[in-house]
Amino acid sequence: FFSEGIKKKSGKIVSSSVVKDELKDLIESENKEKPYNDEQLRIKLDKKGYIIARRTVAKYRELLKIPISRLRKK
């Protein structure tokens, strides 16, 4: 049973679409020679206050049709 939101450290629940936008922004701004893996993305989101699992990051990345870090490398 999946919820439609992610809890922030402040206790506030935010929409999964907000988290997906944050994830997309992180990936767009990454160093293309050394892209972030899912765990590094989870840590970056954690620093922004989102309580999220690595598996959820991977799921959202796949829903956004963004390839794994190895395939994003240029």
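Let's start on the outside. The face of H3 turned away from its buried side carries three exposed residues: Arg55, Glu62 and Leu63. Keep in mind that this is a predicted model.

Now turn to the other side. Which residues of helix H3 are buried? H3 runs over residues 54–63, and its buried residues are Val57, Ala58, Tyr60 and Arg61. Seen down the axis of H3, these buried residues fall within an arc of 165°, so they line one face of the helix. An α-helix has 3.6 residues a turn, so residues three or four places apart point the same way.

Lys65 takes a positive phi of about 60°.

Next, H1 and H2. These two helices pack at an angle of about 120°. Their axes are 11 Å apart. H1 passes H2 in a right-handed crossing. Who makes the contact? From H1, the residues are Val19, Glu22, Leu23, Leu26 and Ile27. From H2, they are Leu41, Lys44 and Leu45. Sorted by class, this contact has 6 nonpolar residues, 2 charged ones and no polar ones.

On to the core. In soluble globular proteins, nonpolar side chains tend to be buried together. Here the largest nonpolar core has 13 residues. Which of them touch the most other members? They are Ile6, Val19, Leu23, Leu45 and Ile52. The elements giving two or more residues to this core are H1, H2 and H3. H1 gives the most, with 4 residues.

Let's zoom in on Leu45. Leave aside its neighbours within four places in sequence. Leu45 is then in contact with Val19, Glu22, Leu23 and Leu26, and also with Tyr50, Ile52 and Val57.

Last stop: Arg70, in helix H4. Is Arg70 buried or exposed? The cut-off for exposed is over 50% relative accessible area. Arg70 has a relative accessible area of 61%, so Arg70 is exposed. One distance to finish. Arg70 and Tyr50 are 20 residues apart along the chain, and their C-alpha atoms are separated by 25 Å.

That's the tour. Thank you.

Definitions and conventions: Residues are numbered from 1 along each chain as its sequence is written. This is a predicted model: local features need pLDDT of at least 70, side-chain atom pairs count only at pLDDT 80 or more; totals for chains, interfaces and linings use all residues. Side-chain values use heavy atoms; hydrogens and water are left out. Buried means under 20% relative accessible area, exposed over 50%, partly exposed in between (1.4 Å probe, protein chains only). The arc is that of the directions from the helix axis to the C-beta atoms. Axes are lines fitted to C-alpha atoms, for helices over the stretch in contact, and angles run from 0 to 180 degrees between N-to-C directions. A crossing is left-handed if the near helix is turned anticlockwise from the far one by less than a right angle, and right-handed if clockwise. Contact means heavy atoms within 4.5 Å. Ala, Val, Leu, Ile, Met, Phe, Trp, Tyr, Cys and Pro count as nonpolar, Asp, Glu, Lys and Arg as charged, and the others, Gly among them, as polar. A nonpolar core is a set of buried Ala, Val, Leu, Ile, Met, Phe, Trp, Tyr and Cys residues joined through side-chain atoms within 4.5 Å.
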